[in-house]
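Subject: Handover of a protein structure

Dear colleague,

Please find below the sequence and the structure that I am handing over to you. My account of what was found follows directly after them.

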Amino acid sequence: CCGMQHPTLERLANTIMTTPSPPAADEAEIDLGQLARVVWRGKWWIILTAFIATMIGGYYAYSAATPVYTTAATVLQETNQDPVIDLSGGLGGAIGGGGDSQSINTEIEVMRSRGLLENLVDALGLIEDPEFNSTLRPPPTFSVSRLIALGREALGRTPPETLVLSAKEIEDREEAIKDRVVNAVRNALSISNIRSSFVYTIGITTEDPQKSAQIVNTLAALYIANQLDVKNEANVSATAWLADRVTELRIDLENTENAVQEFNANTDLINADTLAALNRQVKELRDRLANIRESRVSQQSRLAEIEAARQTQDPTLMAEAVDDRTLNQLLATLDGGADERERFDARFDQLATRTELEIQRLQNQITALERTVQEQESVISQQSADLLTLQQLEREAESALLLYEYFQTRLQETSLQSGILAADSRILSRAVVPQGPSAPRKPLILALSLVLGAMAGIALVLLREFRRSTFRASEELEEATGQSVLGEVPRIKVRRREKLLKYLADKPTSAAAEAVRNLRTSILFANPENPPQVIMSTSSVPGEGKTTQSLALAQNLAGMGKKVLLVEGDVRKRVFAEYFNIKDEHGLLAVIDGKTPIADAVTHEPSLKADVLMSEKPDRNAGDIFSAPAFAQFITEVRGIYDYIVIDTPPVLAVPDARIIGKLVDAVIYTVRWDHTTRRQVAQGIDAFRKAKIPVTGLVLSQVDPKGQKRYGYGDSVGSYGSYHEN
């Protein structure tokens, strides 16, 4: 409300963001100069955090950190080996290796495999090494179990009896310990492949240089030995499998050969050429059979024509049907006599009978040929089946022979392979005992500690700046509240309050005096047409300097030759007694109650050059006092007596007195303590006046530290007074 923004957002804007009006796009730019000034102001904090971090890093590097030693061995994978016998198919790819990333990663995982690391742990007895076996380390001085044990002892409780473990539980426990040791060794190892090569680097970091070299060299030797073991196991398995297979194939070969011999003995076989000749003969018989069938059909047609001509009894037609020269001659001599006709018919019948006989002969030939063809086809079919069976048996025998010879050769080769097996890798460079620790790297730790400490200091300074919710410049105050700032009053360096007015009187050209004069001018010109006569001074909370400003303002107004009255409106705390040595028992309350005239109640203070109306201890609620019509009559009365009336009121957030008095005054001066009053307090105080419909004339930034303001990079407006005048 009242123009207030969120404190954090406002601080971000005021601290690291530039906010010029034109152009609008520049509002999001970072003000590096402002950011640098914030960091520079916190340089001692940054130096302190950097120093502390460096000390911590130095302690860790030189005292707390345990020196560790790193060493490495290199192993070369032989990819161009030409084995005497290639058993890659029988050994499942155990021999040789590819050059692709999958093969390289596979070899790295083989080196890191639990089986290989378990062999390493057993070979070097690493289970007995406290570095890898945490159960062998001495218990820490401070631990949960230790605290529990101490608590039991303090309470007088006996520790629980140790449980008796079974053999299975002991075995499981030992296995769990071994697993943890293997995990610790695996975490300490670093295995990598040199780019674009078949060279592997096996490294480790331990607390002992000799142990580091021994572990790496042992692991490399175990890796190569593991390759030979894998090959030997594969070779033995392949030999046994091949031996069994050769035995089976020999039996199969014998069975197939016996089958061929038995088939040859029990079957009358011809060769393929004879079978081809039989096929040609059958074809010839089929062709001959077809010709005879055509002749029979032709004779049957002729016989049908002859029978048809006989039915007509026409000699001419009968002669045309048989087409016989003799019959044609008889036809020519036929003159109707019976003898010629008889001879003609006899010849015709003879020719018809001859045709029938020819048909019968052709039919007999067809029957004989069909039987012969059927018999030949049966023979050919049987011979073909037998020949096919023989050829199949011979092929099976030949295949069995080839398989037997191949596996017999493989068996002999595999048996010889046992003596010439070699590992696919070899140690290219053995690990040497490191001459110095690889960590901690003390210079690096110190440098990083210094940098991190400085960064932490910068972060703390920036965080502190971002979280700041106070005001260090009038521009911030105006932007946050929307109210004008009438002046900035520096902190007046006096040890005792009664010396305040003397300081201002003795040093009229001091920065504080000039600031008060500037404040007076701003107040009087806040409304030039109707200058304020009754001026009220208040603040958000106690201790913000409102009373000091009331006194200084009254003194400054009196210095103009005006008749001024300073009223102690804070009847609850009554702090005027700390500034003035006034013992009069009659004051503000007596005047309001009509017990004492104003002239008798006020006291002229020479150091102030104005009249002071102090307050007595109230006998009723202060709010009721100021709400009464008598107080309004008092204000009206003093308006006719004095040129200016300055009323010092309580803080607006503490009690409602200021809001009650504010309805009767001409100007409300709201004091905000420099780098002390929070934004929320100021917002709540101004909002209280707004809700009461009391306009705030302006704000005053009090107790400003000129050096601090300059250090924070907010200008030197207050210090300019001191530089222009002599103190």
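Helix H17 is mostly covered, since 12 of its 13 residues are buried; buried means under 20% relative accessible area, exposed over 50%, and partly exposed in between, with a 1.4 Å probe and protein chains only. Helices (H or I, at least four residues) and strands (E, at least two) are DSSP runs, numbered from the N terminus. Among the buried residues of H17 are Lys546, Thr547, Gln549, Ser550 and Leu553. From its first C-alpha to its last, H17 reaches 18 Å, close to the 18 Å expected at 1.5 Å a residue; the expected span is 1.5 Å times one less than the number of residues.

Before going further, please note that this is a predicted model, in which local features need pLDDT of at least 70 and side-chain atom pairs count only at pLDDT 80 or more, while totals for chains, interfaces and linings use all residues. Residues are numbered from 1 along each chain as its sequence is written, and side-chain values use heavy atoms, with hydrogens and water left out.

The protein as a whole

The protein has 25 helices and 12 strands. Of its 727 residues, 39% are buried. Among contacts between residues at least 6 apart in sequence, 79% join residues at least 24 apart; contact means heavy atoms within 4.5 Å.

The largest pocket

H17 also has a part in the largest pocket, to whose lining it gives the most, with 4 residues. The terms are defined on a 1 Å grid over the protein atoms alone: a cavity is a set of points where a 1.4 Å probe fits but cannot get out, a pocket is an open set with protein on both sides within 12 Å along at least five of seven lines, and lining residues have an atom within 4 Å of a point. Grid points are joined across faces, edges and corners, and a volume is the space filled by probe spheres set on the points.

The largest pocket holds about 490 Å³ of space. It is lined by 24 residues, and those closest to its centre are Arg497, Gly545, Thr548, Tyr579 and Gln703. Strand S5 (485-490), H17 and strand S12 (698-704) each supply at least two residues of this lining. By class, the lining has 9 nonpolar, 7 polar and 8 charged residues. Here Ala, Val, Leu, Ile, Met, Phe, Trp, Tyr, Cys and Pro count as nonpolar, Asp, Glu, Lys and Arg as charged, and the others, Gly among them, as polar.

The largest cavity

How many cavities of 30 Å³ or more does a search of the whole structure find? The search finds 1. The largest cavity has a volume of about 40 Å³. Its lining consists of Leu519, Ile523, Ile535, Ser537, Gln549, Ser550, Leu553 and Ile669, which divide into 5 nonpolar, 3 polar and no charged residues. H17 gives the most to this lining too, with 3 residues, and helix H16 (511-524) and strand S6 (534-539) each supply at least two.

Strands around S12

S12 is mostly covered, with 6 of its 7 residues buried. Two strands pair if DSSP finds at least two bridges between them. S5 and S12 run parallel and are joined by 4 bridges, with Val485 opposite Leu699 in S12. Strand S11 (residues 667-673) also runs parallel to S12, with 5 bridges between them, and Tyr670 has Leu699 as its bridge partner in S12.

Asp675, in the loop between S11 and helix H23 (679-691), has a phi near 55° and is partly exposed, with a relative accessible area of 24%. Lys693, in the loop between H23 and S12, has a phi near 60° and is exposed at 76% relative accessibility.Elsewhere, the peptide bond from Ala439 to Pro440 is cis, with omega near 0°. Pro440 lies in the loop between strand S4 (425-429) and helix H13 (442-467).

Helix H3

The buried residues of helix H3 (residues 43-64) include Ile46, Thr49 and Ala50. The buried residues of H3 pack against helix H2 (32-41) and H13.

Yours sincerely
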